[in-house]
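Hello,

I am passing this structure on to you, with a short tour to go with it. Please open it beside this email and follow along.

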Amino acid sequence: MFALAAREDRVLDTADLDFSDVRRFPLGEHPGVVVARLPNEWTADLLVETLVSALRTLADEDLHGAMVIVEPHRIRIRR
């Protein structure tokens, strides 16, 4: 999954927290990673609504090499 996104120069959007490890995925060395850290108890509709809203907020950001963490009511960007 990560290799394909990197090869195609695409930002990876995932809920897998392993991708937030900057030792394995160093900042500046990939097209970008967006990690969703959202409650498991949320409905699918609320998860989708939150992710779509976050991605709209990030639409004008240059995410190349960045690690983005999407949490309820907060988006953090590490470069």
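Let me begin with Asp9, which sits in the loop between helix H1 (2–7) and strand S1 (12–14). Helices (H or I, at least four residues) and strands (E, at least two) are DSSP runs, numbered from the N terminus. Asp9 is not a glycine, yet its phi is positive, at about 55°. With a relative accessibility of 54%, Asp9 counts as exposed; buried means under 20% relative accessible area, exposed over 50%, and partly exposed in between (1.4 Å probe, protein chains only).

Before going further, a note on what you are looking at: this is a predicted model, in which local features need pLDDT of at least 70 and side-chain atom pairs count only at pLDDT 80 or more, while totals for chains, interfaces and linings use all residues. Residues are numbered from 1 along each chain as its sequence is written, and side-chain values use heavy atoms, with hydrogens and water left out.

Now to strand S3. How many of the residues of S3 are buried? Five of its five are, so the strand is mostly covered. Met67, Ile69 and Glu71 point one way from S3, whereas Val68 and Val70 point the other way.

Setting aside neighbours within four places in sequence, Val70 is in contact (heavy atoms within 4.5 Å) with Val34, Val35, Ala36, Arg37, Leu38 and Ala54. Leu55 is 15 residues from Val70 in sequence, and their C-alpha atoms are 9.3 Å apart in space.

Two strands pair if DSSP finds at least two bridges between them. S2 and S3 run parallel and are joined by four bridges, with Val34 opposite Val68. S2, helix H2 (residues 44–58) and S3 together make a left-handed β-α-β unit; a crossover is right-handed if, with the strands pointing away from the viewer, the path from the first strand over the helix to the second runs clockwise.

S3 also pairs with S4, this time in the antiparallel sense and over five bridges. Here Val68 stands opposite Ile77. S3 and S4 form a hairpin with two residues between them. His73 lies in the loop between S3 and strand S4 (74–78), and has a positive phi near 65° although it is a residue other than glycine. Is His73 buried or exposed? It is exposed, with a relative accessible area of 84%.

Ser20 is found in the loop between S1 and strand S2 (33–36). It is partly exposed, with a relative accessible area of 27%. Ser20 and Val68 are 48 residues apart in sequence, while their C-alpha atoms are 8.4 Å apart in space. Beyond its neighbours within four places in sequence, Ser20 is in contact with Val35, Met67 and Ile69.

Last, the aromatic rings. There are three aromatic pairs in the structure. In one of them, the ring centres of Phe19 and Phe25 are 5.0 Å apart and the planes lie at 35°, so the pair is tilted. Rings of Phe, Tyr and Trp (its six-membered ring) pair if their centres lie within 6.5 Å; planes under 30 degrees apart count as stacked, over 60 as edge-to-face and the rest as tilted.

Best wishes
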